[in-house]
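Biologist: Hi! Could you put the model up and talk me through it?

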Amino acid sequence: IKEKKRHMGDTKHFCPVSLKENFVLHPGLNEHAAKYQEKIYYFSTSENKDKFLKNPEEYVAHNEPIQAPPLRVCLLGTHGAGKTTCARPIAEKLGIFHIQFEEYLQELILPKTKEKVGPDYDEEPEEDYNKMLILSQELDNFSQTLTKTEIEKSKREMELTDEEEAIKANLMDNEALPPEVLDNIVLDWWRKEPFRSTGFILDGFPRTLHEAQYLSEQGLCPDIVVYIQVEESDILDRLFPPCLKKWKERQYKKKENKKTLKDLKAKIRV
């Protein structure tokens, strides 16, 4: 027996409520289907189904077809796979934003940290630097001193908020970002202008199962997810030379610091 053809609603198998309220193409489910004006509509949740049934005219097309949201792409891959190299020309060609996730996190705390943090930006141990600072202070006798009020004000300006501390811990030690921190970052790319109407390629997010589950729970569905798979040998060839160069620069800097420290001690003895 030939099955009777179903007439799907304006948004086809996507949830009309998610599209209307969040401008997201969220697939609907068979168990959350409803019929309106001889058409079948599918919803992502039972709550959205109830919203639609209370006021269906708010979610259906009238004089013209319902506008689809712009392209949203998640580009994934291991460190050194070439995500950013691929993402930049794609974003330029498609006329969408390129968002490099970890770089965006760095920019959020950079005004206070003053420099990037994480394994790729290893800081030199502060011991030698602190010694040099103390010796230099003894040598110069502090020709100018900060008042207690100025010191406290400077300290307050440098203190990180709880959100900034969470971001720093994520960059330094891969600590999971709390949902409330992700809310303040990720939701804007789907729901606020200019990203909402332009689209984007999200470079390096989600990085973990926790972050992928967050997207799912928030109903933030990318249109395409691309995973770049690269041989380990290719990544090693790409990353090892700059890492070696950076290591040599750090060793040279450490040697210079020791020389400066020795000169300062000699001046104080004199």
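Biologist: Let me start with one side chain. Does Glu 103 count as buried, partly exposed or exposed?
Modeller: Glu 103 counts as partly exposed, at 22% relative accessibility. Buried means under 20% relative accessible area and exposed means over 50%, with partly exposed in between (1.4 Å probe, protein chains only). Keep in mind that this is a predicted model, where local features need pLDDT of at least 70, side-chain atom pairs count only at pLDDT 80 or more, and totals for chains, interfaces and linings use all residues. Residues are numbered from 1 along each chain as its sequence is written, and side-chain values use heavy atoms, with hydrogens and water left out.

Biologist: Good to know. Which residue forms a salt bridge with Glu 103?
Modeller: Lys 116 does, and the closest N and O atoms are 2.6 Å apart. The two sit 13 residues apart, with Glu 103 in helix 4 (101-113) and Lys 116 in the loop between helix 4 and helix 5 (126-140). Helices (H or I, at least four residues) and strands (E, at least two) are DSSP runs, numbered from the N terminus. Lys 116 is partly exposed too, with a relative accessible area of 27%.

Biologist: And what makes something a salt bridge?
Modeller: It takes a side-chain nitrogen of Lys or Arg within 4 Å of a carboxyl oxygen of Asp or Glu. In general, side chains of opposite charge can pair when their charged atoms come close.

Biologist: How many salt bridges are found in the whole structure?
Modeller: The search finds 8. One of them pairs Lys 39 with Asp 10, with the closest N and O atoms 3.9 Å apart. Lys 39 is in strand 2 (residues 39-43) and Asp 10 is in the segment before helix 1 (16-22), so this pair ties together parts that are 29 residues apart in sequence.

Biologist: What about Arg 207, which side chain meets it in a salt bridge?
Modeller: That is Glu 211, at 2.5 Å from N to O. Arg 207 is partly exposed at 28%, whereas Glu 211 is buried with a relative accessible area of 2%. Salt bridges with shared partners bring Glu 102, Arg 207 and Glu 211 into one network.

Biologist: Switching topic: which residues have the most contacts inside the largest nonpolar core?
Modeller: Phe 101, Ile 167, Ile 185, Val 186, Trp 189, Trp 190 and Leu 202 do, in a core of 26 residues. A nonpolar core here is a set of buried Ala, Val, Leu, Ile, Met, Phe, Trp, Tyr and Cys residues joined through side-chain atoms within 4.5 Å.

Biologist: Which helix gives the most to it?
Modeller: Helix 8 (179-191), with 7 residues. Other elements giving two or more residues include helix 7 (162-173) and strand 5 (200-203).

Biologist: Last one, on the backbone: which residue does a cis peptide bond join to Pro 194?
Modeller: Glu 193, with omega about 5°. Pro 194 is in the loop between helix 8 and helix 9 (195-198). The bond from Phe 205 to Pro 206 is cis as well, with omega near 0°. There is also Glu 38, which is not a glycine but has a positive phi of about 65°. Glu 38 sits in the loop between strand 1 (29-36) and strand 2 and is exposed at 59%.
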